[in-house]
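Open the model in your viewer and keep the selection panel at hand. The tour moves stop by stop, with something to select at each.

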Amino acid sequence: MSGPSTYTPNSGLEKWIDQRLPLPRLLHDTVQTFPTPRNLNIWYTFGAILTFCLGVQIITGIVLAMHYVANAGLAFDSVESIMRDVNYGWLIRYIHSNGASMFFLAVYIHMFRGLYYGSYKAPRELIWIIGVLIYLLMMATAFFGYVLPWGQMSFWGATVITNLFSAIPWVGSHIATWLWGDFAVGDATLNRFFSLHYLLPFIIAGVVGLHIWALHVPGNNNPLGIDVKSPQDTVPFHPYYTVKDAFYLCLFVVFFAAFVFYAPNFFGNPDNYVQANPLVTPPDIVPEWYLLPFYAMLRSIPNKLMGVIVMGGALVTLFFLPWLDTSRVRSCRFRPLMKQFFWALVVVCAILGYCGSQSVDAAVAGIPLLWVARLATFYYFLFFWILLPIVGLIETPRKIPASIAQSVLGDTAAAAAE
Amino acid sequence: MLALPALAQTAVDTTRKPVKSVDFSFEGPFGTYDRAALQRGFQVYKEVCAACHGLDHIAFHNLDEEGGLGFTEAQAKAIAAGYKMPADPNDKGEIFDDKGTRLTRPGILADKFPNPFPNEEAARANNGGALPPDLSMIVKAREGGPQYVYSIVTGFGMTPPKGYTLPAGKYFNPYFEGWNISMPPPLADNAVTFSDGTKATVDQEAHDVVTFLAWASDPKMEERKRMGFAVLIFLVVLSGLLFAAYRKVWADAH
């Protein structure tokens, strides 16, 4: 919770700075003494992991931008020059490309954590909404970034997605031309995508600041979903959560490094190692894995405009989440019925991702994936617009502990601490 | 007899066969490039493939790189000098001699491997309308990687199944999507004479040229895997230390 600051400057220098710019005070209050629930588990470390990922992407991105050339005739070769001629260019490039996948893996875990523990519920609605905004900015950044190497997938993925705008009645094709800077994806498009790809991460950084600021007003939620009732329920952020975040971050970096050094092209598409050719369409056009669920939704609707509306609707739905859930209980730990629907949603999202990766007419065991995608899209909207409102009203929640301290320390210890 | 090749074509599923199962020394977390295979593969590229395929991203100075073919700088310079590059304008600004032939100079380390054709149109005209792809990234640019390239170059010589008609000017290769590839079988027994005396079977030539092309696609592989080993050991030890710190800090909180 934000309360009065407990920072006391120790030296003359600290006092001098504190009177002019209370930055040490801010760091002290937000990172050192910030009272944090003592029962946060592994799923709560992904916020710190995401901040790390943003930092890594910005730093590697800035170094890549020193060598990259955003021109349709030179881009592909400039990336290969980074891979072959720039000292450790291959390392910086692979960290950046795999870092994007790690960033999205972490953000999906972070979002599903929020869904499961009810972190979007009052008074944390704005934290969730700001978070969805960050997610949309990430998707835009990743989309622009994937175009930059100017491979076949870069070009054709850009063509497919920007063409969606032409589905808008009357103004659609004009919007598309305006976005392209030309009558089709080309050099003008590449240049502006590079500019936007450089810009958006800094906007993300600012919005992340708002996200953390909004979090620090009510303080963290916790796996029990119950409010902090006394100081015994919390521990200071440092050293308890600085060391815990550091440990889990290190495990995450091990996972990250395994891909960078031993499977750097695992998440990629071989077609993107072929230079973009406007005259040759690849047999299958797919985005990167983290955009596949939405791609599957888009392709499952036969009408172009309706497909765009459904895909957009899926994202807009997330903004309404805090008001769709009617449950008084926050955490799915105590919501036996909603818990099952939650896990079904996780599976459905994975299924959508798989459908998005296959060609439109693919079938598994005789079942056309198109119908699997339609069913999965239906469940996605069912979950948010029907299940969340109704289950909250009809469900019988399990008994909720009296306090965090009692749950973690046990009855006698909690009573003794009071 | 009425032949209906178009109908016969649509009746047969021409999805490419799964790639052949073949192992390479550079696969796996501790894989390295076999230097001798790289040099033999380079010889195959030079004497067979370079007639039609470019290697745009490889420069002569890459030949003496660490983790590569193991040539010395002098050897790489000699290889470069064996090529004729278009000369820069002389003092009079000429780039053609009196007879109208393009002036040339010997290659230097900084030059990239020259393209066999001056432009895409010439390449297509020489190859029945199809463009021989550049090979400097081919192993990374194809699903199936080295196994796919190996399957393609060794996948010729089979009889097409009944009901499938091969279009004129194409060659049957079931490892290629659509089964008809514009490239004639590139390899044959003893198509090259290896300088180290290795028997030049099709399999050997294919294996070595794929090793060379894998290096061309990923010259930093050995450095990457070496660094990865050190980095992962470091991170695992660091995780252990952080875990110990985590347990110590939280010991009194539970």
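**Stop 1: two tryptophans.** Select Trp179(B). This is a predicted model, and here Trp179(B) counts as buried, because 24 C-beta neighbours fall inside 10 Å and 20 or more are enough for that label. Trp179(B) sits in the loop between strand S3 (171-172) and strand S4 (180-181) of chain B. Check its backbone: phi is positive, about 70 degrees, although the residue is not a glycine. Most residues other than glycine have a negative phi.

Now switch to Trp170(A). Phi is positive here too, at about 65 degrees, and again the residue is not a glycine. Is Trp170(A) buried or exposed? Trp170(A) is exposed, because its count of other C-beta atoms within 10 Å is 7, and 12 or fewer gives that label. Look for Trp170(A) in the loop between H7 and H8 of chain A.

**Stop 2: chain B as a whole.** Colour chain B by secondary structure. Along the sequence they run α-α-α-β-β-α-α-β-β-α-α. The radius of gyration is 24 Å, well over the 18 Å that the globule rule gives for 254 residues, so chain B is more spread out than a compact globule. Its C-alpha trace spans about 90 × 65 × 40 Å along the principal axes. Of the 254 residues, 30% count as buried.

The domain assignment gives domain 1 (14-58 + 112-219) and domain 2 (221-254) of chain B. Their centres, taken over C-alpha atoms, are 43 Å apart.

**Stop 3: where the chains meet.** Show both chains. The contact takes 27 residues from chain B and 24 residues from chain A. On the chain B side, 17 residues are nonpolar, four are polar and six are charged.

**Stop 4: the cores.** Go to chain A and select Phe103(A) and Ala106(A). These two have the most contacts inside the largest nonpolar core, which has 52 residues. Helices H3 (46-65), H4 (75-84), H5 (89-117), H6 (125-147), H7 (152-163), H9 (187-215) and H10 (237-262) of chain A each give two or more residues to this core. H5(A) gives the most, with 11 residues. Zoom in on Ala106(A). Beyond its sequence neighbours up to four places away, Ala106(A) touches Phe46(A), Ile49(A), Leu50(A) and Cys53(A). A second, separate core of 44 residues includes Leu38(B), Val44(B), Phe71(B) and Ala206(B).

Step on to H7(A). Its 12 residues should span 16 Å at 1.5 Å a residue, and the end C-alpha atoms are 16 Å apart, which agrees. Among its buried residues are Gln152(A), Phe155(A), Trp156(A) and Thr162(A). The cover over the buried residues of H7(A) includes H6, helix H8 (172-180) and H9 of chain A.

**Stop 5: the domains of chain A.** Colour chain A by its assigned domains: domain 1 (35-285) and domain 2 (288-325 + 336-396). Their centres, over C-alpha atoms, are 21 Å apart. The contact takes 19 residues from domain 1 and 16 residues from domain 2. H5 and H6 of chain A are the elements that give two or more residues to the domain 1 side. H6(A) gives the largest share of that side, eight residues. The domain 1 side divides into 15 nonpolar residues, one polar and three charged.

Stop 6: Select Trp43(A), in the loop between strand S1 (35-37) and H3 of chain A. Trp43(A) counts as partly exposed, because 16 C-beta neighbours lie inside 10 Å. Leaving out residues up to four places away in sequence, Trp43(A) touches Ile109(A) and Arg113(A).

Finish with two peptide bonds. Ala122(A) to Pro123(A) is cis, with omega near 0 degrees. Pro123(A) lies in the loop between H5 and H6 of chain A. His238(A) and Pro239(A) are also joined by a cis bond, with omega about 5 degrees. Pro239(A) is found in helix H10 of chain A.

Key. Residues numbered from 1 in each chain as written. Chains lettered and ligands numbered in written order. Predicted model: local features only at pLDDT ≥ 70, side-chain atom pairs only at ≥ 80, totals over all residues. Core = buried A, V, L, I, M, F, W, Y, C linked by C-beta atoms within 7 Å. Helix = DSSP H or I, 4+ residues; strand = E, 2+ residues; numbered from the N terminus. Contact = placed C-beta atoms within 7 Å. Nonpolar A, V, L, I, M, F, W, Y, C, P; charged D, E, K, R; others polar. Domains from an automatic or database assignment. Rg over C-alpha atoms; globule rule 2.2 N^0.38 Å. Expected span 1.5 Å × (residues − 1).
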